[in-house]
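I opened the notebook with a few things to look up, and I am jotting them down as I go. The entries follow below.

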Amino acid sequence: VPSGTFVAGQAVTIFNNSNSNITIARSGVTLWTAGTDTNTDKTLAKKGICTVVCVSQNGFVISGAGMS
């Protein structure tokens with residue numbers, strides 16, 4: 001999730017169409033897991049899906065199925 005690319009209200013959905021986990025890494029941003037104050041890189045399981053929503057300048061919330 002890059003810094004300075006999105007504005008509040010924009011969202012992107014990620015589907016992991018591979019046969020292994022992928023990492024959703026932060027790059028100069030805060031990435032909270034929805035419903036928590038956890039700010040870490042995330043792992044998306046194979047065939048998992050998640051949505052990343054920009055909530056402020058360089059602040060994002062992420063939620064989805066198969067995400068940890």
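This is a predicted model: local features need pLDDT of at least 70, side-chain atom pairs count only at pLDDT 80 or more; totals for chains, interfaces and linings use all residues.

I began with Cys 50, which counts as buried because its relative accessibility is 1%.

Cys 50 is in no disulfide, and the nearest cysteine sulfur, that of Cys 54, is 15 Å away.

Then I looked up the largest nonpolar core. It has eleven residues, including Cys 50, Cys 54, Val 52, Leu 44 and Phe 60. Both β4 (42-56) and β5 (59-67) supply at least two residues of this core, and β4 gives the largest share, four residues.

I also listed what Val 52 touches beyond four places in sequence: among them are Val 1, Leu 31, Phe 60 and Ile 62.

My last entry is on Asn 16, in the loop between β1 (11-15) and β2 (22-24). Is Asn 16 buried or exposed? Asn 16 counts as buried, because its relative accessibility is 2%. Its side chain makes a polar contact of 2.6 Å with the side chain of Ser 18, and the side chain of Asn 16 also reaches the backbone oxygen of Leu 44 at 3.1 Å. Beyond four places in sequence, the contacts of Asn 16 include Asn 21, Ile 22, Ala 45 and Gly 48.

Definitions and conventions. Residues are numbered from 1 along each chain as its sequence is written. Side-chain values use heavy atoms; hydrogens and water are left out. Buried means under 20% relative accessible area, exposed over 50%, partly exposed in between (1.4 Å probe, protein chains only). A polar contact is a pair of N or O atoms within 3.5 Å; within protein, one must be able to donate a hydrogen and the other to accept it, and residues adjacent in sequence count only if both atoms are side-chain atoms. Contact means heavy atoms within 4.5 Å. A nonpolar core is a set of buried Ala, Val, Leu, Ile, Met, Phe, Trp, Tyr and Cys residues joined through side-chain atoms within 4.5 Å. A disulfide is a pair of cysteine sulfur atoms within 2.5 Å.
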